[in-house]
Amino acid sequence: MDDKEHRLHEVGRREVLVAAVGGVVALAAGGLCRPARAAAAQHELPELPYAANALEPIISARTIEFHHGKHHKAYVENLNKLIQGTEFAKRSLDEIITATAGQADKAAIFNNAAQVWNHTFYWKSLKPQGGGGPPGALRQKIEASFGSVEACKKELAGAAVAQFGSGWAWLVLDGERLKVVKTSNAETPLTSGVKPLLTIDVWEHAYYLDYQNRRGDYVDAVLDKLIDWDFALRRAS
Ligand code: MN
């Protein structure tokens, strides 16, 4: 390397160093300038309670990967964007849902917040090797409200299939009684004073890759093989 080449090399290196240091400083400044309270209020995509392939063959890993990794994730990201700098930035998910329900000008925030909650609840409503019969304490409550476990399952499946378009079927606790309700789009029973115990997502994205238009087959399979009655009992206790 002659002197001229050496000088060029040094200049080039210095420019790279300056750019690199500048970048680090900019990153550090960005980190320091970000208000801590906004960071703390960010909602996060919860991890699945089981592996993506754990619900196979009832629900495929591919469905779960899209459903959790794309749909659920998008609701979380949209919610965080929508509440940034608003009165909702520091509120809990439940508070946001309650405060925005039924307000036309807050529909986007409500829809994304409720969908974050509904999906987290849906993952918990299912488990590998679920289905079967409910544990004794829940069976008693079910029999008191529906007459039999079969009648309860039939009503739940009926609500899931009858829901027109996108939505959810729910088993809820209304005072001392168990009930089945269905909701449209992002609507959730949380806002009607009842306690959700279980849910089945009947948006097409929940089943279309595996069942296409056969929503009833998806619902029956979920009730028979995946529904987590123990989770419902813990919620009801
Ligand atoms: Mn969904």
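**A core, a metal site and a helix**

Of the 63 residues in the largest nonpolar core, those touching the most other members are Ile59, Leu126, Leu171, Ile200, Tyr218 and Val222. Such a core is a set of buried Ala, Val, Leu, Ile, Met, Phe, Trp, Tyr and Cys residues joined through side-chain atoms within 4.5 Å. Buried means under 20% relative accessible area, exposed over 50% (1.4 Å probe, protein chains only). Helix H5 (residues 107-125) gives this core its largest share, 9 residues. Domain 1 (61-124) and domain 2 (136-236) each supply at least three; the bounds come from an automatic or database assignment.

This is a predicted model: local features need pLDDT of at least 70, side-chain atom pairs 80 or more, while totals for chains, interfaces and linings use all residues. Residues count from 1 along each chain as its sequence is written, and side-chain values use heavy atoms, without hydrogens and water.

Now the metal. His67 (NE2), His119 (NE2), Asp201 (OD) and His205 (NE2) coordinate the manganese ion at 1.9 to 2.1 Å. Donors are N, O and S atoms within 2.8 Å of the metal (3.2 Å for Na, K and Ca); water is not among the atoms, so sites may look incomplete. Along the chain, the spacing is H-x51-H-x81-D-x3-H. Asp201 and His205 are both buried.

Turn to helix H7, residues 149-162. Helices are DSSP runs of H or I, at least four residues; strands are E, at least two; both are numbered from the N terminus. In H7, Val149, Cys152, Lys153, Leu156, Ala157, Ala159 and Ala160 are buried. They share one side of H7 because they cover an arc of only 160° around the axis, taken from the directions to the C-beta atoms. On the other side, Glu150, Lys154 and Ala162 are exposed.

Key. Expected span 1.5 Å × (residues − 1).
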